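Me: Hi! Could you walk me through this model with me? I'd like to go from the overall layout down to single residues.

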Amino acid sequence: MRTQRQVVDYSLQKRAVLRELLAGRVGAYDVCDASPYLKNAARFHGEPTDQRCPICRSENLTHVHYIYGDELKQSAGQARTLAELPVLAMTLREFQVFVVEVCLGCDWNHLVEQYLLGRDGLAGAAEGGQEQDSMGGAAAQGGRAGRRRREAQR
Ligand SMILES: [Zn+2]
């Protein structure tokens, strides 16, 4: 999605866990501990991938997208399908997405990444008529940097 921002990638942490496992410092039971809730979320809202599970290598991983944010109210912390995210991103200003990979075969699970979505990040959406009118040509040239500076001063 083009509007993803403040993306945090957890592949390094995942590799570290897998290294620990290979070295025998943690057991498969410690890392293959997907809760019934997570597995249900994977079944009903998950996004199938073509990545093999790094542990059992017999199932493909499923990505579950959890959403968090004040604007979500009771929906905060729920899983959403990937297809639902752009719709939410059009209606909400900002919310956090956590992507978790799950193996329904052996219960391996790990955080993949997190990012922000929402209207605040859409190009042009934040640059309302007001600002453009008062800024004129200056807005067209460096308006983004100017806005960031003004926000910092608030
Ligand atoms: Zn597995």
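What follows is a chat about the chain, its confidence, its strands, its cores and a few single residues.

Reply: Happy to. A quick note to start: this is a predicted model, where local features need pLDDT of at least 70, side-chain atom pairs count only at pLDDT 80 or more, and totals for chains, interfaces and linings use all residues. Residues are numbered from 1 along each chain as its sequence is written.

Me: Good. How many helices and strands does the protein chain have?

Reply: The protein chain has 7 helices and 6 strands. Helices here are DSSP runs of H or I with at least four residues, strands are runs of E with at least two, and both are numbered from the N terminus. Read from the N terminus on, the order is β-α-α-α-β-β-β-α-β-β-α-α-α.

Me: And what does the protein chain average in pLDDT?

Reply: The average is 85, and 77% of the residues score at least 70. pLDDT is the predictor's confidence in each residue, from 0 to 100.

Me: Where does pLDDT stay under 50?

Reply: Over residues 125–150. For that stretch the model has 10 contacts beyond four places in sequence. A contact means that the C-beta atoms of two residues, placed from the backbone, lie within 7 Å.

Me: While we're on contacts, what share joins residues at least 24 apart?

Reply: Among contacts in the protein chain between residues at least 6 apart in sequence, that share is 57%.

Me: Let's do strands. How do strand 3 and strand 5 pair?

Reply: Strand 3 (60–68) and strand 5 (95–102) pair in the antiparallel sense over 7 bridges. Pairing requires that DSSP finds at least two bridges between the strands. As an example, Tyr66 has Phe98 of strand 5 as its bridge partner.

Me: What stands opposite Phe98 in strand 6?

Reply: Gln114 does. Strand 5 and strand 6 are antiparallel too, over 8 bridges.

Me: And which strand 6 residue stands opposite Arg5?

Reply: That is Leu116. Strand 1 and strand 6 pair in the antiparallel sense over 3 bridges.

Me: How many residues of helix 1 are buried?

Reply: The count is 0 among its 12 residues, and helix 1 is hardly covered. Helix 1 (residues 11–22) reaches 16 Å from its first C-alpha to its last, close to the 16 Å expected at 1.5 Å a residue; the expected span is 1.5 Å times one less than the number of residues. Just after helix 1, Gly24 has a positive phi of about 80 degrees.

Me: What share of the protein chain counts as buried?

Reply: 16% of the 154 residues.

Me: OK, which residues touch the most other members of the largest nonpolar core?

Reply: Leu38, Ala42, Val64, Val100, Val102 and Cys103, out of 13 residues in that core. Two or more residues come from each of helix 3 (36–45), strand 3 and strand 5, and helix 3 gives the most, with 3 residues. A nonpolar core is a set of buried Ala, Val, Leu, Ile, Met, Phe, Trp, Tyr and Cys residues joined through C-beta atoms within 7 Å.

Me: What does Val100 touch?

Reply: Leaving out residues up to four places away in sequence, Val100 touches Leu38, Val64, Tyr66, Asn109, Leu111 and Val112. There is also a second, separate core of 5 residues that includes Ile67, Ala89, Phe95 and Leu117.

Me: Last one: what is phi for Arg57, and for Asp107?

Reply: Arg57 is near 55 degrees, positive in a residue other than glycine, while Asp107 is at about 75 degrees and is not a glycine either. Arg57 lies in the loop between strand 2 (47–52) and strand 3, and it counts as exposed because it has 10 C-beta neighbours inside 10 Å. Asp107 belongs to the hairpin of strand 5 and strand 6, with 6 residues between the strands, and it counts as buried because it has 20 such neighbours inside 10 Å.
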